[in-house]
Amino acid sequence: MANIVAKRGMRHKVPPQRGCVVGLTYDVKPDYVLKKGDPEDANAEFDHPDTIDVIKDAIESGGHKVVKIGNVRKLLKRLKNLDVDIVFNIAEGVSGRNRESEVPVILEMAGIPFVGGDGLTQGLTLDKIMAKKVLISEGIPTPAFFEISDIGNIDGVGIGYPLIVKPKQEGSSKGISDRSIVKNKRELKRQADWVIRTYKQPALVEKFITGSEFTVPIIGNEKPEVLPTVQISIDGKTNLGDLCYTFSRIRSDTLSYVCPARITRELDRKLKEVSLKAYKAVECRDFGRVDIRVDKNGNPYVLEINPLPSLSTEDVFMTVAKHMKVSYNSIVNRILDYALERYGMR
Ligand SMILES: Nc1ncnc2c1ncn2[C@@H]1O[C@H](COP(=O)(O)OP(=O)(O)O)[C@@H](O)[C@H]1O
Ligand SMILES: [Mg+2]
């Protein structure tokens with residue numbers, strides 16, 4: 001380990017301008033075989049192997065060399081002899097609310113620079129309730145909520161229906177279906193019970209925000225660049241009412257991204273401002289994405305912050321690249337360059 005730290009330290013004195021060796025850490029779907037009793041969306045967060053190759057090609061188009069490492073176990077095996085200047089981390093981890101923190105913490109311990117948020121930011125945001133506490137303390141609007149860890153112990157609900165019931169610490173719309181929206185105590189109990197049993201974690205119950213939905217990608221550090229706002233369209237509609245971004249809709253291709261968003265300048269300004277505040281509040285680094293729901297009166301509510309948003313070419317970063325008339329490769333390299341700059345390597 002000491003060697004690695006020493007080597008890294010030496011490298012930093014002569015920062016590589018171009019042509020770094022970039023390790024790539026990731027979780028791909030084939031690494032995880034569904035076990036009996038797993039929910040059908042158990043591996044929803046993991047990347048398709050093609051995405052890894054696309055990211056590798058993108059980084060190499062920036063003049064770097066890429067070493068594919070893989071998941072946290074493979075990283076651990078190779079750690080002692082890992083000869084890379086920086087790691088581009090998109091590993092989601094397998095289980096627990098610290099799963100996205102595992103790779104960043106190991107890299108930090110080994111003194112290896114890496115792209116993206118550190119372990120604290122990843123863990124804090126994966127646990128949506130912890131993240132909401134930070135948002136609230138910073139005065140950033142987020143839907144009213146409560147937690148259920150035992151359905152035998154639901155006191156007065158306190159927030160008017162409809163509510164949405166979600167797993168507390170999942171992503172990629174895991175555990176979210178039309179049944180997640182509940183209109184009375186019976187439905188609330190039924191859905192909270194299902195979430196707790198299926199995902200083995202408390203349920204997060206939130207005020208359901210009827211209206212429209214947006215996601216705002218951001219890159220950079222000291223002066224982050226807020227990229228164009230992306231609007232969610234479901235079944236061709238951007239006025240979503242009570243439709244939401246569910247796991248089955250992702251699979252059935254009824255979701256699409258609209259960019260530029262069909263909104264007033266004023267709302268766009270508001271969404272960007274709130275997103276940037278949220279990005280800074282949880283100390284995202286290099287890149288991130290903020291999911292927001294807007295009610296019928298134009299009030300934005302931050303649902304969550306993703307410090308490890310998908311870089312798949314079917315996802316939001318590709319959508320904004322097209323709108324900005326820049327290549328996908330250049331966006332990936334901007335993210336990497338922000339990380340290199342942060343470490344004084346550029
Ligand atoms: N409070 C809410 N009101 C309305 N829709 C919501 C709310 N919370 C979640 N949703 C819907 O569920 C989707 C997934 O929720 P989100 O909190 O972003 O979790 P994930 O980490 O799975 O993306 C959102 O994109 C949105 O469509
Ligand atoms: Mg989301």
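Student: In which order do the strands of the open sheet with antiparallel pairing stand?

Tutor: A general idea comes before the case: strands of a sheet pair through backbone hydrogen bonds, in either a parallel or an antiparallel sense. In this model, which is predicted, an open sheet of 4 strands has the order β5-β8-β6-β7, and its pairing is antiparallel.

Student: Which strands stand at the edges of that sheet, and why is one side of each left without a neighbour?

Tutor: The edge strands are β5 (145-148) and β7; each has a single partner strand, so one side of each lacks a neighbour in the sheet. At the β7 end, β6 and β7 pair in the antiparallel sense over 2 bridges. Within this pair, Leu163 stands opposite Val182 of β7.

Student: Where does Ser180 lie relative to these strands, and is Ser180 buried or exposed?

Tutor: Ser180 belongs to the loop between β6 and β7 (181-182). With a relative accessible area of 0%, Ser180 is buried. Its side chain reaches the backbone nitrogen of Ser177 at 2.8 Å.

Student: In what order do the strands of the sheet with parallel pairing stand?

Tutor: That open sheet has 4 strands in the order β2-β1-β3-β4, and the pairing is parallel. Its edge strands are β2 (65-70) and β4 (114-115), each of which pairs on one side only. Strand β1 (residues 21-25) pairs with β3 in the parallel sense over 4 bridges, and Gly23 stands opposite Val87 in β3. On the other pairing, 2 bridges join β3 (residues 86-89) to β4, again in parallel; here the bridge partner of Phe88 is Val115 in β4.

Student: Let us turn to the ligand. Which residues come nearest to ligand 1?

Tutor: There are 21 residues around ligand 1, and those that come nearest are Lys128, Lys166, Ser173, Glu206 and Glu213. By class, the shell divides into 8 nonpolar, 3 polar and 10 charged residues. Domain 2 (125-142 + 210-307) and domain 3 (145-207) each give at least three residues to the shell.

Student: How many bridges join β13 to β14, and which residue of the turn has a positive phi?

Tutor: The strands β13 and β14 run antiparallel and are joined by 6 bridges. They form a hairpin with 4 residues between them, and Gly298 in the turn has a positive phi of about 80°. Arg293 stands opposite Tyr301 in β14. As for cover, 6 of the 7 residues of β14 are buried.

Student: Which backbone values deserve attention in residues such as Asp286?

Tutor: Most residues other than glycine have a negative phi, and most peptide bonds are trans. Asp286 has a positive phi, near 70°; it lies in the loop between α9 and β13 and is buried, at 0% relative accessible area. Lys325 also has a positive phi, near 60°. Its place is the loop between α10 (316-324) and α11 (328-342), where Lys325 is exposed at 74% relative accessibility.

Student: What is omega near for the peptide bond from Cys259 to Pro260?

Tutor: That bond is cis, with omega near 10°. Pro260 lies in the loop between β12 (255-258) and α9 (265-281) and is exposed, with a relative accessible area of 51%. The peptide bond from Tyr161 to Pro162 is cis as well, with omega near 0°; Pro162 is found in the loop between β5 and β6.

How values were computed:
Residues are numbered from 1 along each chain as its sequence is written. Chains are lettered from A and ligands numbered from 1 in the order in which they are written. Side-chain values use heavy atoms; hydrogens and water are left out. A residue is near a molecule or strand if one of its heavy atoms lies within 4 Å of it. Ala, Val, Leu, Ile, Met, Phe, Trp, Tyr, Cys and Pro count as nonpolar, Asp, Glu, Lys and Arg as charged, and the others, Gly among them, as polar. Domain bounds come from an automatic or database domain assignment. Buried means under 20% relative accessible area, exposed over 50%, partly exposed in between (1.4 Å probe, protein chains only). Two strands pair if DSSP finds at least two bridges between them. A polar contact is a pair of N or O atoms within 3.5 Å; within protein, one must be able to donate a hydrogen and the other to accept it, and residues adjacent in sequence count only if both atoms are side-chain atoms.
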